[in-house]
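Please keep the sequence and the structure in view while reading.

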Amino acid sequence: MISWILLMFLYLSVPAHLSENPPKRTVEVTASSRHYVDRLFDLDPQKVLQGVIDMKNAVIGNNKQKANLIVLGAVPRLLYLLQQETSSTELRTECAVVLGSLAMGTENNVKSLLDCHIIPALLQGLLSPDLKFIEACLRCLRTIFISPVTPEDLLYTDATVISHLMALLSRSRYTQEYICQIFSHCCKLQHWHSCGFKSLPQPLLCANGPDHQTILFNHGAVQNIAHLLVSTSYKVRMQALKCFSVLAFENPQVSMTLVNVSVDGELLPQIFVKMLQRDKPIEMQLTSAKCLTSMCRAGAIRTDDSCIVLKTLPCLVRMCSKERLLEERVEGAETLAYLIETDVELQRIASITDHLIVMLADYFKYPSSVSAITDIKRLDHDLKHAHELRQAAFKLYASLGANDEDIRKKIIETENMMDRIVNGLSESSIKVRLAAVRCLHSLSRSVQQLRTSFQDHAVWKPLMKVLQNAPNEMLVVASSTLCNLLLEFSPSKEPILESGAIELLCSLTQSENLALRVNGIWALMNMAFQAEQKIKSDILRGLSTEQLFQLLSDSDVNVLMKTLGLLRNLLSTRPHIDHIMSTHGKQIMQAVTLILEGEHNIEVKEQTLCILANIADGTTAKELIMTNDDILQKIKYYMSHSNAKLQLAAMFCISNLIWNEEEGSQERQDKLRDMGIVDILHKLSQSSDPNLCDKAKTALQQYLA
């Protein structure tokens, strides 16, 4: 009777999301399920132990039974028994085993266990002197932490946990396997980086990744795990290898350390290369390739090192072949894409290895025709991996075509490639859409393709659709692509303008996301190049003076430089200069003054002086400079600056102001002579810099004419 009262109390205390008809499942609580839970409350310890063992046997492979027991409150009671010092070690061990089995069910099961604070209880169990109990707790922890619903940060809430786990590594091959697996899953990272072309964005990092890497590294993870690579247990070797693959990702500190660590007289890179050999299991080949790839990308191994060119790259290309499982082809392609992403020579080598470009075309042929498949399991398998295959292929094509024009041409000439990219932009999977945009972005850096294939397939239409409503990560890549499609020689520029791109791009410049602000202003800069006056006026109207000032005072130098580039393109062609300065002259001159007075680098000030030179080329606009003594003094100052670039830019301003073929030139020359400009010109005419010397002599001739 007492046990049933306790049972009802536990049932009523179960979290609401478990006791109130969980979504998408119906749990039928049977009498046998109640019987299993009831036995946990028996006063006889032996009967409790037997009850737990029977429960263990009942839940193996039975998700329905697992759900029943969770709803009936088995988890709090099991945790209570696990933590009681009066419980026998055998009972505590069996409780940990049952809890681990429950965690192997659905994600809802794991959520229920987390709600009951299972992790602190299991971590406490690791302090036990009994090895079997420790192994059971670690096995359960491993199962919980590999679930996508478990926050990785839960492992790092107590600073002593990592140290204790490191100490437990030496206890047995099971502790080694489980702890390495826990570390691997609690240090997750995301793989994914001019004639005006917008280059690829840099690889993205998971927010918590580097912190986790640093914590594990500082606790001696490299030294403690390295010797496990030569363990007699295959599972231990694999988990150690996987651990290093995530520890080294985008982490120079870890990668540099790995290069210099030796085990039994062999350096780790040599051990990784041995694991790449064809006679090793595919899982081992792939993971060791990932380790070497991470070390290479982090700068610990040169890109021209033989272990990369002759071992890692060919291994990853092999993983892309038809003979490999779909999962292996996906992982191989994505890792290869990351390896070659920023290195031109590796891109060229990969493009001619085993007909890779043609081989990747096969990635788009899944799922196979339903009518041709009689095996339902195979069809399900194809459907499951179809998105992953297309995503991986797009990523690898993007890396292959990042820099080389000939490679881009080969990619686009692959069967139906442009159609596949256009279709990819409207896929249901956001990951495929993102990868397709990345691929399009890579190919958009080709002048020839912008004029031909991109125009033939009107890729700007689906691209503009993507830009209308997408998460920031996709917006960044899509807007980068748009920057290239808006270049002056791109046939897509006109229809993009007509589709309302100015409003869209002006809104991007107001984003809190830095990359989107840069892309928005970059695209507007490209749009304004040699544009008609109406387009320039529309851009200024869309931005507004207030937003223009915001961009010119942005803390990021890229935003500032692109905004200055936009102003420079807007203020080109004399009638356009006069028109814009007649309506926005006061604000532009104010912005120019602030930048020349501010603490900015040489490139920023040079660009600003070039804007002044453009204004000085206007018919009426130049008077805004001549009537502004403050600006004139700044031009004079930069003519005598120690930096030749700034001197030359200031000289352009003076040349445009004193050109004697233009009305009012005499008065301007006289005023500038009184300021001492002629004396400076004489000094510059003796300069050792040929450009400065020639420009000064040309300017002096205007005074003599």
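The expected span of a helix is 1.5 Å times one less than its number of residues, and helices themselves are DSSP runs of H or I with at least four residues, strands being runs of E with at least two, numbered from the N terminus. By that rule, helix α26 (residues 430-443), with 14 residues, reaches 20 Å from its first C-alpha to its last, close to the 20 Å expected at 1.5 Å a residue. The model is a predicted one, in which local features need pLDDT of at least 70 and side-chain atom pairs count only at pLDDT 80 or more, while totals for chains, interfaces and linings use all residues. Residues are numbered from 1 along each chain as its sequence is written, and side-chain values use heavy atoms, with hydrogens and water left out.

**Overall composition**

- The protein contains 43 helices and 2 strands.
- Of its 705 residues, 57% are buried; buried means under 20% relative accessible area, exposed means over 50%, and partly exposed lies in between (1.4 Å probe, protein chains only).
- The protein exposes about 31100 Å², and carbon and sulfur atoms supply 51% of that area; accessible areas come from the Shrake-Rupley method with a 1.4 Å probe, and for residues only the protein chains shown count as cover.

**Covered helices**

- Helix α26 is mostly covered, since 11 of its 14 residues are buried.
- The buried residues of α26 include V432, L434, A435, A436 and V437, and R438, C439 and H441 are also among them.
- Helix α25 (residues 417-424) is largely enclosed by the rest of the structure, because 6 of its 8 residues are buried.
- In α25 the buried residues are M417, M418, R420, I421, V422 and G424.

**Packing of α19 against α20**

- Two packed helices are described by the angle between their axes and the distance between the axes.
- Helix α19 (residues 306-318) and helix α20 (residues 326-340) have axes that come within 8 Å and cross at roughly 145 degrees; the axes are lines fitted to C-alpha atoms, for helices over the stretch in contact, and angles run from 0 to 180 degrees between N-to-C directions.
- On the α19 side, I308, T312, L313, L316 and V317 meet G332, T335, L336, L339 and I340 of α20, where contact means heavy atoms within 4.5 Å.
- This contact of α19 with α20 comprises 7 nonpolar, 3 polar and no charged residues; Ala, Val, Leu, Ile, Met, Phe, Trp, Tyr, Cys and Pro count as nonpolar, Asp, Glu, Lys and Arg as charged, and the others, Gly among them, as polar.

**Salt bridges**

- The structure holds 31 salt bridges, each defined as a side-chain nitrogen of Lys or Arg within 4 Å of a carboxyl oxygen of Asp or Glu.
- K56 pairs with E94 in one of these salt bridges, with the closest N and O atoms 3.0 Å apart.
- That pair links distant parts of the chain, as K56 is in helix α4 (residues 45-59) and E94 is in helix α7 (residues 89-103), 38 residues apart.
- E94 counts as buried, at 13% relative accessibility.
- D304 and R302 form a salt bridge through their side chains (2.7 Å, N to O); D304 is partly exposed at 48%, whereas R302 is exposed at 58%.
- R668 and E623 also meet in a salt bridge (3.6 Å, N to O).
- Because R668 lies in helix α41 (residues 665-674) and E623 in helix α38 (residues 623-626), this pair ties together parts that are 45 residues apart in sequence.
- R668 is buried, with a relative accessible area of 4%, while E623 is partly exposed at 36%.

**Surroundings of V98**

- V98 lies in helix α7 and is buried, at 0% relative accessibility.
- Leaving aside residues up to four places away in sequence, V98 touches V52, M55, K56 and L78.
- The C-alpha atoms of V98 and A58 are separated by 9.7 Å, and these residues are 40 residues apart along the chain.

**Positive phi values outside glycine**

- H117, which is not a glycine, has a positive phi of about 60 degrees.
- H117 is in the loop between α8 (107-115) and α9 (118-125) and is exposed, with a relative accessible area of 56%.
- D354, likewise not a glycine, has a positive phi of about 50 degrees.
- D354 lies in the loop between α21 (344-351) and α22 (356-361) and counts as partly exposed at 47% relative accessibility.
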